[in-house]
Amino acid sequence: VPKVRDSRGDSDGPRRGSLCERHCAAINNVHGELGELGCHPHRPRVPPATSTPSCCQQHSEEVCESCVLKTTLTAENAVEANKLSNNYKFGFKKWKSHVTARPWEDRSEIVKELYSDLNVIRASGGSTLTCGNVLYLLLFGWWLSLLYVLVAAVMFLSVMGAPYGRLCWQLAGYFLWPFGKVIQKVEVPKSHQVCDAGAGESSALLGGPTPRRWLGTGHWHHAGTAVWLCLGYPLLALAHGLVCVAAWLLIVLIPVAKLSGRAAARLLLLPPRRLLVRRLGTTQVPLEGEVILCCYRAANPYYYKYAVDGINVFAVNLLPLVLVTLVLGYVDSPNHLTGSAVKFTLALLSIMPLSYYIGMAIASISAQSNFAVGAVVNATFGSITELTFYITALIKGSREGNRCYAEVVKSALTGTLVGCVLFVPGLCMVIGGIRHQEQRFNSRSAGVSSALLFLSVGGVFAPTLFSKVYGKLVCGECHNVTQNPLGHYLCHNCHFDLMDNNGTLYYSHVQPLVYTVSLLLPAAYLIGLFFTLKTHTHIYDIHISDCHMPGHHHSAVVHWSRWRALLILLLSTLCMSACADLATEHISPILTNSTISQYFIGVTVLAMVPELPEIVNGIQFALQNNLSLSIEIGNCIAVQVCMLQIPILVLFTIFYPTNFTLVFSDLHVYASMFSVVLMNYIFMDGKCDYFQGTVLVMVYFILLAVYFFAPSPSGC
């Protein structure tokens with residue numbers, strides 16, 4: 001609570017009073033100031049009071065304590081406030097990016113520079129000799145300038161295209177080093193037919209000699225334009241297009257992409273007499289005419305924040321990869337162009353941008369809808385990425401009669417659980433701890449997730465423990481070590497057989513237990529939702545305010561409307577299914593020919609690659625000192641794995657028989673339980689630092705080493 005300034009001085013009245021009175025006075029003062037600014041809280045707030053004693057008489061000490069403990073988050077509009085509120089709701093997908101367009105005046109100067117056009121002349125551009133500009137010269141500048149020289153020669157040889165030849169000669173010097181130079185669109189007097197707008201001949205702007213006239217008729221001028229559009233422009237437009245694509249993919253060189261895009265789309269289509277190229281001096285003078293291009297820097301490291309229609313630039317650049325994967329996977333099915341390893345890698349990488357689009361669509365729909373619609377969308381599509389891959393893998397394993405696919409799915413489930421419990425919060429704690437010495441989080445809300453996690457892990461591994469107790473141990477090969485019939489035997493490939501006596505143990509005891517657990521876990525998940533979202537919402541201590549400063553635009557401009565977000569969600573899910581089908585189609589050679597354990601492949605690649613967008617969101621929350629959401633991201637995914645994904649897979653096996661049984665190997669059981677216990681021990685006191693995060697990450701890598709050196713599961 002901010003301090004209340006006492007304008008009366010020390011001598012005006014006593015300064016005594018209880019802690020409650022001072023807190024209530026501060027709250028009244030804050031609400032008074034917010035009311036003047038037009039703030040509209042979306043949560044119940046303390047009613048205004050006329051005096052401090054009446055406030056404390058009207059509200060008990062609990063209210064004042066809640067005023068102190070409440071965390072207030074400010075949103076630009078009602079949609080963003082709803083999104084922030086959903087981030088703190090259990091079972092809702094946590095999303096960092098904005099779902100609405102931020103007001104231009106609220107953005108930092110760094111972000112404003114990212115979205116500014118290349119037509120602004122600065123008062124002081126600074127030195128143009130930078131590493132990014134030199135990189136532009138080495139990658140694009142020299143050959144682009146050489147190409148302009150060649151096109152200029154062609155234009156001069158054609159005679160009719162001589163004006164465009166002179167323009168290309170000037171642009172050759174410009175694109176060799178465009179920094180600190182400006183290209184303008186100038187007005188030409190009607191008495192001049194065609195003027196040579198060279199940098200040293202424009203007397204109207206530079207005080208030089210009178211521009212020379214290029215003699216010719218209107219027919220001759222049109223003929224020169226036709227020659228330019230046939231011989232010069234297509235080649236230069238293609239070159240600028242390649243530069244634009246390459247620079248955009250490099251992200252930090254997006255200014256170069258903007259430069260080339262504007263050059264191809266507008267600059268090269270203007271008449272030569274309308275263009276003026278000049279170098280900016282140290283003393284700037286007002287320039288007449290429209291500025292088309294003015295660039296100072298070729299690279300900007302902050303372009304990782306750049307977004308197109310609310311979509312991060314990384315997700316935009318990876319979207320063509322999805323199209324390439326689908327075309328290459330279904331057109332080249334005999335593997336004539338590429339092998340299975342390449343197609344599997346492409347399919348797995350394509351899951352990352354699709355996961356981002358699914359997350360963005362879910363957050364957009366939830367922020368623009370009521371609680372019921374948001375809960376249904378999150379419960380339906382929240383785990384669609386993982387379930388799509390698991391179900392397609394089980395279907396393929398059932399068709400081929402290969403049990404290895406079921407073991408890979410179990411490894412992926414365990415890897416997601418272990419990674420979200422250890423790696424995701426640990427990495428966020430390490431990265432956030434570098435900026436903040438100590439980070440605190442809501443231990444009570446984390447305790448709810450931890451309790452559900454304990455329950456879910458116990459329920460998921462209950463059939464496994466049951467089979468260990470009552471199953472019959474069967475070994476594939478045994479050798480007598482002591483050469484004595486009563487001596488010691490060394491056995492290999494041992495497992496607990498559940499199908500003894502025609503599967504009496506499995507069908508009569510284990511399978512009913514699996515179905516019972518699969519019904520109880522979703523019920524416990526619903527109880528957790530009701531507890532955190534209905535009866536005990538106060539444990540999150542979050543207060544969302546929709547505040548607008550005077551003069552700001554109040555209306556929310558959403559990036560994706562509800563119908564557009566729904567369409568993108570359905571298309572992304574469809575593409576996700578296709579990519580998952582390709583991944584499972586081409587994983588078989590990797591599983592059979594690879595020397596790495598199938599356990600390791602499932603625990604690492606198949607488990608963590610779809611979760612990369614969630615990891616990025618967690619890191620961004622940790623950098624903003626909001627570790628509570630970073631922890632909730634990992635816990636929420638782990639709880640959904642046990643309480644939603646596994647029961648759905650069990651339900652799927654009822655209608656489509658597969659080799660998937662809810663009986664895990666000992667390694668999966670020990671790794672999962674140890675991870676959950678360690679996570680609860682670390683999060684016990686409600687505060688952490690980078691050292692505790694390092695412990696979690698190191699334990700995760702130790703478990704990965706165990707999986708790496710573990711032998712392949714039976715059946716693979």
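Biologist: In what order do the three strands of the open sheet lie?

Modeller: This is a predicted model, where local features need pLDDT of at least 70, side-chain atom pairs count only at pLDDT 80 or more, and totals for chains, interfaces and linings use all residues. Residues are numbered from 1 along each chain as its sequence is written, and side-chain values use heavy atoms, without hydrogens and water. Strands (E, at least two residues) and helices (H or I, at least four) are DSSP runs numbered from the N terminus, and two strands pair if DSSP finds at least two bridges between them. The pairing here is antiparallel, and the order is β4-β3-β5.

Biologist: Which strands are the edge strands?

Modeller: An edge strand pairs on one side only. Strand β3 (residues 181–185) is joined to β5 by five bridges, one of which pairs K181 with C295. The edge strands are β4 (275–279) and β5 (290–295).

Biologist: What angle does the direction of helix α7 make with that of β3?

Modeller: Helix α7 (residues 162–176) packs on the sheet and touches β3, β4 and β5, contact meaning heavy atoms within 4.5 Å. Axes are lines fitted to C-alpha atoms, for helices over the stretch in contact, with angles from 0 to 180 degrees between N-to-C directions. The angle is about 145°.

Biologist: Which helix gives the most to the lining of the largest cavity?

Modeller: A cavity is a set of points on a 1 Å grid over the protein atoms alone where a 1.4 Å probe fits but cannot get out, and lining residues have an atom within 4 Å of a point. The largest cavity is lined by 22 residues, with K93, G382, E611, E614 and I637 nearest its centre. Among the helices that each supply at least two lining residues are α12 (340–367) and α24 (627–655). The largest contribution, six residues, comes from α24.

How values were computed
1 Å grid on protein atoms, 1.4 Å probe; cavity = no way out; pocket = protein on both sides within 12 Å on 5 of 7 lines; lining within 4 Å.
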